[in-house]
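Please open the model in a viewer and keep the sequence panel in view.

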Amino acid sequence: MQPRNMSMSGVVDLAAVKAAGEAKAKAEQARAEAARQGGTAAVPPSALVIDVDEAGFERDVLQRSAEVPVVLDFWAEWCEPCKQLGPLLERLAVEYNGRFLLAKIDVDANQMLMQQFGIQGIPAVFAVVAGQALPLFQGAVPEAQIRETLDQLIAVGEERFGLTGIVVDAGADGPAPAARPVGPYDSLLEAAMVALDAGDLSGAVQAYKNVLADDPAHPEAKLGLAQAELLARVGDLDPGAVRRNAADDPADVTAQLAAADLDLAGGHVEDAFGRLVETVRRTAGEDRDAARLRLLELFEVIGADDPRVTAARQALARVLF
């Protein structure tokens, strides 16, 4: 992880040693000032996840990054992969108990921040450590890889900048809410989520299929199955090799399917849909059916109400008929 200096006026590249030294000095000054004023109060677990906008970025991210690494989750309501990643990051923020702060940024409402970080697709995750911006990862990432990245981030914060995190008062949020009534498929859906968290994608797929075997129209199970199957398909792919193969041979349907999966997993929804519509247009027979069916599967990942799905359905109809 190589930090870079971050300010609200844009990204400024400095020599690494100078940047780290200046950031460390600022972090030490900020901690000394906090100590002079009586120290930083403990926060409840609920305060480890915050919503951030452009107006509060300097206060909530840049200033806070002098005491704790701040992880930035760039997301949007229409982004289905974001709905898988977001809750996972929120759970890890509480589990890590103040060793990092999670700041969620809605890109639709904060276009300037999205542009300043150079984000091309979501979900995208960055960190700010003592005012230094660090790109972490983009798209669907397994939990084990996220944990490894967070551990490296925390180590950078401690070793380079002396960040020790924030103190958490576990009882400050009050008693846990009462458990909601258990529905007919709750145990199966919970089993699917547990399997996803454990990286057991085949187990998650089977759990969702168990729900759909009894209720083929169950919306949560349909969405979960489509997402789990997508994650399973991209998990062992070499992105560089896949994209080279797809670029070198547009007629290779298998390569185009794999590239479309990577596009969608990385948040590039229109690219994924456009690639498959074009593949349907230029193929026939079994190849055309394979591309069409994969496109329909990816529609399930995003959701029928999304306007990009509507546009892609219309484009598909034009090339088919």
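**The central strands**

Select β4 and β6 first: these two strands pair in the antiparallel sense over 5 bridges. The model is a predicted one. To locate the pairing, display Val71, whose bridge partner in β6 is Ala127.

Keep β6 selected, which spans residues 124-129. How many of its residues are buried? The count is 6 of 6, and the strand is mostly covered. Colour the side chains by face: Ala124, Phe126 and Val128 lie on one side, while Val125, Ala127 and Val129 lie on the other. Both faces are covered, and the residues named on each are all buried.

Strands β6 and β7 pair in the antiparallel sense over 6 bridges, and Ala127 stands opposite Leu134 in β7. The two strands form a hairpin with 2 residues between them. In the turn, select Ala130, which has a positive phi of about 50°.

**From β4 to β5**

Leu72 stands opposite Ala103 in β5. Follow the chain from β4 through helix α3 (residues 80-95) to β5: this β-α-β crossover is right-handed.

Next, select β3, residues 49-51, which pairs with β5 in the parallel sense over 3 bridges. Here Ile50 stands opposite Ala103.

Is β5 enclosed or open to the outside? Of the 6 residues in this strand (residues 101-106), 5 are buried, so β5 is largely enclosed by the rest of the structure.

**The largest pocket**

Move to the largest pocket, which has a volume of about 1,000 Å³. Which residues lie nearest its centre? Select Gly139, Ala140, Val141, Pro142 and Leu231, which hold that position among the 39 residues of the lining.

Several elements contribute to this lining. Helix α3, already visited in the crossover from β4 to β5, provides the largest share of the lining, 8 residues. Colour the lining by class to see 22 nonpolar, 9 polar and 8 charged residues.

Is Ala192 buried or exposed? Its relative accessibility is 0%, and therefore Ala192 counts as buried. Show its contacts: leaving aside neighbours within four places in sequence, Ala192 touches Ala204, Ala207 and Tyr208. Then draw a distance from Ala192 to Leu225, C-alpha to C-alpha. These residues are 33 residues apart in sequence and 9.1 Å apart in space.

The second residue is Gln256, in helix α10 (residues 253-265). Why does Gln256 count as buried? Its relative accessibility is 3%, and the cut-off for a buried residue is under 20%. Not counting residues up to four places away in sequence, Gln256 touches Ala246, Asp249, Pro250, Arg275, Leu276 and Thr279.

**The cavity**

Rolling a probe the size of a water molecule over the atoms shows where empty space is left. How many cavities of 30 Å³ or more does the structure hold? There is 1, and the largest cavity has a volume of about 50 Å³. To display its lining, select Pro69, Arg99, Ile154, Gly157, Glu158, Leu163, Thr164 and Gly165. By class, these residues divide into 3 nonpolar, 3 polar and 2 charged.

**The whole protein**

Finally, clear the selections and view the entire protein, which contains 13 helices and 7 strands. Buried residues make up 45% of its 321 residues. Among contacts between residues at least 6 apart in sequence, 70% join residues at least 24 apart.

Methods. Residues numbered from 1 in each chain as written. Predicted model: local features only at pLDDT ≥ 70, side-chain atom pairs only at ≥ 80, totals over all residues. Heavy atoms only, no water. Helix = DSSP H or I, 4+ residues; strand = E, 2+ residues; numbered from the N terminus. Buried < 20%, exposed > 50% of the residue type's maximum accessible area, 1.4 Å probe, protein only. Contact = heavy atoms within 4.5 Å. Pairing = 2+ DSSP bridges. Right-handed = clockwise from strand over helix to strand, strands pointing away. 1 Å grid on protein atoms, 1.4 Å probe; cavity = no way out; pocket = protein on both sides within 12 Å on 5 of 7 lines; lining within 4 Å. Points joined across faces, edges and corners; volume = space filled by probe spheres on them. Nonpolar A, V, L, I, M, F, W, Y, C, P; charged D, E, K, R; others polar.
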